[in-house]
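User: Hi! I would like to go through the side-chain contacts and backbone details of this model with you. Could you take my questions one at a time?

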Amino acid sequence: MSLTPPNLTWLDCDFDDLSARHVHSLLKLRQQIFIIEQTCIFPDIDGLDPRCRHIIAYEGDDVLAAARIVAPGIDPDHAEQGDRPAIGRVVTSDRLRGQGIGREVMRRAIEVCEKQFAGKPIYLNGQLYLRGFYESLGFVQFGDEYDEDGIAHISMERPANLKEVQQEE
């Protein structure tokens with residue numbers, strides 16, 4: 001059974017393959033959630049997007065959910081990522097929350113990481129309040145919680161070759 005509403009289109013691509021309208025909508029969505037909704041002033045446009053793989057769900061020109069995959073070694077602010085790929089900037093429009101879209105974004109991002117970086121664990125820099133959600137996808141916390149831009153975060157890793165975890169949101 002698919003958790004995806006029938007009108008969403010999914011795209012897995014490099015940044016340069018996104019249309020200008022989708023880039024604009026993606027940045028607008030991330031601004032709405034990460035900066036306005038979470039009242040967190042931080043540099044979302046950090047220069048990494050053009051070097052990342054993106055998973056997006058959209059309807060028309062509107063990006064409604066997304067995540068980016070950061071290859072090892074390109075993010076100078078997260079040395080703890082090491083030689084693992086990282087999933088970040090996971091976001092879902094407030095109008096789709098509770099419908100399993102966040103889980104679907106993560107499932108697709110994990111799948112891409114497993115294909116492109118076979119045999120490597122996956123790193124995640126997650127907000128503390130989402131620990132249970134990420135654990136349900138096979139991620140395990142390592143280290144202590146820390147503050148990033150005024151929000152409690154944790155480092156997590158999903159072991160390589162982990163069988164897909166089946167658990168409802």
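User: Is Glu104 buried or exposed?
Analyst: Happy to start there, with the reminder that this is a predicted model. The relative accessible area of Glu104 is 9%. Buried means under 20%, so Glu104 is buried.

User: What is the N to O distance in the salt bridge of Lys115 and Glu111?
Analyst: These two also lie in helix α2, four residues apart, about one turn of the helix. Lys115 is exposed, with a relative accessible area of 64%, while Glu111 is partly exposed at 35%. Their side chains meet in a salt bridge, and the N to O distance is 3.8 Å.

User: Where does the salt-bridge partner of Arg30 lie, Asp44?
Analyst: The side chains of Arg30 and Asp44 meet in a salt bridge of 3.1 Å, N to O. This pair links distant parts of the chain, 14 residues apart. Both residues are buried. Arg30 sits in helix α1 (residues 20-37), and Asp44 lies in the loop between α1 and β2 (53-59).

User: How many disulfides does the structure hold?
Analyst: A disulfide is a covalent bond between the sulfur atoms of two cysteines. For Cys40, the closest cysteine sulfur is in Cys52, 18 Å away, so the two are too far apart for a bond. Cys113 is in no disulfide either, as the nearest cysteine sulfur, that of Cys52, is 10 Å away. The number of disulfides is zero.

User: Are Cys40 and Cys113 buried or exposed?
Analyst: Take them in turn against the cut-off, under 20% for buried. Cys40 has a relative accessible area of 4%, so this cysteine is buried. Cys113 comes out at 2%, so Cys113 is likewise buried.

User: What is the phi of Thr39?
Analyst: Thr39 is in the loop between α1 and β2, the loop that also holds Asp44. At 70% relative accessibility, Thr39 counts as exposed. Although this residue is not a glycine, its phi is positive, about 40°.

User: Where does Asp149 lie?
Analyst: Here is another residue other than glycine with a positive phi, near 55°. Asp149 is partly exposed, with a relative accessible area of 41%. Its place is the loop between β6 (140-148) and β7 (151-158).

Conventions. Residues numbered from 1 in each chain as written. Predicted model: local features only at pLDDT ≥ 70, side-chain atom pairs only at ≥ 80, totals over all residues. Heavy atoms only, no water. Salt bridge = Lys/Arg side-chain N within 4 Å of Asp/Glu carboxyl O. Buried < 20%, exposed > 50% of the residue type's maximum accessible area, 1.4 Å probe, protein only. Disulfide = S-S within 2.5 Å.
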